[in-house]
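This briefing is for a reader meeting the structure for the first time.

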Amino acid sequence: MDALQTYQTPLSSRYASKDMANLFSPAKRYRTWRELWLNLAIAEKALGLPITDEAIEQMKANLDLTPEQFDIAAEEEKKRRHDVMAHVHTFGQVAPAAAGIIHLGATSCYVTDNADLIFIRTGLTYLLKSLAVLISRLSAFARENGGLPTLGFTHFQPAQLTTVGKRATLWIQELLWDLRNIKRARDDLGFRGVKGTTGTQASFLALFDGDHDKVEELDRLVTKLSGFPYAYPVTGQTYSRKIDIDVLAPLASLGATAHKIGTDLRLLANLKEIEEPFESTQIGSSAMAYKRNPMRCERVCSLSRHLQVLHQNALMTSSVQWFERTLDDSANRRVTLPEAFLTADIVLSTLRNVSEGLAVYPNVIARRIAQELPFMATENLIMAIVKKGGDRQEAHEKIRVLSHEAAYQVKNLGRENDLIERVREDPYFDPIKDELDQLLDPRTFVGRAPEQVERFLKEWVEPALADEELKEALAKADKVELSV
């Protein structure tokens, strides 16, 4: 009940996956700090510092915090006004043989910054796998509907025909770019490593009696133990906050992609051509019982805007870091980094849920095509008459008059487009009346859209998803069930 009387972010309480919510939890954070202290102690011992086996074993045996240890840490932080030192003392209570060497030579950013880099790398991996599944789901949708003609829109006005599947490839292509960008950000990520208070490694140089080689080896060992291929060659007290810019930029870009997809689907829902999943017991409106609001896509758009904005925090924070560091980054990053990853996770899982249950209504699509296609087909009708020996200018004038008459029926009287009926009734078009059905077949107006879909999926999507890491994610992927 106490939890219900305290604000909780809906990002974790309502929407986020368990894995991503756990990644930024206090339990995960402080366990990771302890793992970093353990790695430092192992490396320092290997390089000759007097650290006992008992100290190492006690640290290994107490990586997870109990509720009692969380309480102790909270009391320590209240007293010391320093979260890292509060946890140093708390860890020392359960690993007494190590109490005197925990955090030896390190500054707070050894655990805070290195832990953040671990969380960022893991979070990017989670997002890559979820994004790959979304691309796979939408690719199946594109292939299934690759040949289904639909009215294209430019300026949200009727334009030449495309196909439902071809439109989906526009979404997928942007998601492939997001996949590339997120993977690049993850694979470029380095480790802060063991750098000391201002990045000079002075404290470690003192520990190893001026032995520069051992200090460099310590940095390499801790980086390797923490699972990173390299450490940033130089840092201040923190790793450069420009790294946060590079990480949040592809997430913001993903937000832009997701917003476009969500908006397209919302517009298509209004046209009743495609709808997101809608459960039999779902309520669209508390007042209007008939409504089927596209709430999932609206959520995607809402959170995507938030995701795009968070990148600005990283930009501004990086730009105001003074010299070797300033602490005005800390509170901002405590909010920005978890929110960015949780939001991206939610956007992807919601889109996955949508993609796994999209409903297409071919008859509605065909009806809308029938309302617009007669006007689009007029050039074909003129060319057909000319091929039969007719005069191009005379045919153009005939079509112009009939088109205006049909447009009057549609716009002024609210009736269906009857241009083709008028053409059928006009003796002038007798030479091509047997060809009208063929001339008006929507499939002849979609250009190379079906072929483009197949080629795109084969030459671009399949190679992108052939990565072993992503193949494993696809094999294990279940359908997303939304709790709200």
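**Loop residues**

Asp209 sits in the loop that joins α9 (202–207) to α10 (212–225). The model is a predicted one.

- Asp209 has a phi near 55°, which is a positive value in a residue other than glycine.
- Asp209 is exposed, because its relative accessible area of 74% is over the 50% cut-off.

*Loop between α12 and α13*

- Phe323 lies in the loop between α12 and α13.
- Although Phe323 is not a glycine, its phi is positive, at about 50°.
- With a relative accessibility of 82%, Phe323 counts as exposed.
- Glu324 is also located between α12 (295–319) and α13 (330–355), in the loop.
- Glu324 counts as partly exposed, because its relative accessibility of 42% falls between the limits of 20% and 50%.
- Setting aside neighbours within four places in sequence, Glu324 makes contact with Thr198, Gly236, Gln237 and Thr238.
- Glu324 and Thr238 are 86 residues apart along the chain, yet 7.5 Å separates their C-alpha atoms.

**Nonpolar cores**

- In soluble globular proteins, nonpolar side chains tend to be buried together.
- The largest nonpolar core in this model contains 112 residues, and Trp37 and Met59 are those with the most contacts inside it.
- Helix α7 (residues 108–144) supplies the largest share of this core, 17 residues.
- Another core, of 15 residues, lies apart from it and includes Leu381, Ile399, Ala406 and Leu439.
- Not counting residues up to four places away in sequence, Trp37 touches Met59, Val84, His87, Val88, Phe91, Ile102, His103, Tyr110 and Val111.
- His87, one of the residues touched by Trp37, belongs to helix α6 (residues 83–94).
- His87 counts as buried, because its 4% relative accessibility is under the 20% cut-off.
- With residues up to four places away in sequence left out, the contacts of His87 are Tyr30, Trp33, Trp37, Leu65 and Ala73.

**Cysteines**

- A search of the whole structure for disulfides finds zero.
- Cys297 is in no disulfide, and the nearest cysteine sulfur, which belongs to Cys301, is 6.8 Å away.
- That distance of 6.8 Å does not qualify, because a disulfide needs the two sulfur atoms within 2.5 Å.
- Cys297 is buried, with a relative accessible area of 1%.
- Cys109 counts as buried too, at 2% relative accessibility.

**Helices α15 and α16**

- Helix α15 (residues 378–387) packs with helix α16 (residues 392–411) at an angle of about 145°, and their axes are 9 Å apart.
- The crossing of α15 past α16 is right-handed.
- On the α15 side, the residues that meet α16 are Thr378, Glu379, Leu381, Ile382, Met383, Ile385 and Val386.
- On the α16 side, Arg392, Ala395, His396, Ile399 and Ser403 take part.
- Sorted by class, this contact of α15 with α16 holds seven nonpolar, three polar and two charged residues.

Note on methods: Residues numbered from 1 in each chain as written. Predicted model: local features only at pLDDT ≥ 70, side-chain atom pairs only at ≥ 80, totals over all residues. Heavy atoms only, no water. Axes fitted to C-alpha atoms, helices over the stretch in contact; angles between N-to-C directions. Helix = DSSP H or I, 4+ residues; strand = E, 2+ residues; numbered from the N terminus. Left-handed = near helix turned anticlockwise from the far one by under 90°. Contact = heavy atoms within 4.5 Å. Nonpolar A, V, L, I, M, F, W, Y, C, P; charged D, E, K, R; others polar. Core = buried A, V, L, I, M, F, W, Y, C linked by side-chain atoms within 4.5 Å. Buried < 20%, exposed > 50% of the residue type's maximum accessible area, 1.4 Å probe, protein only.
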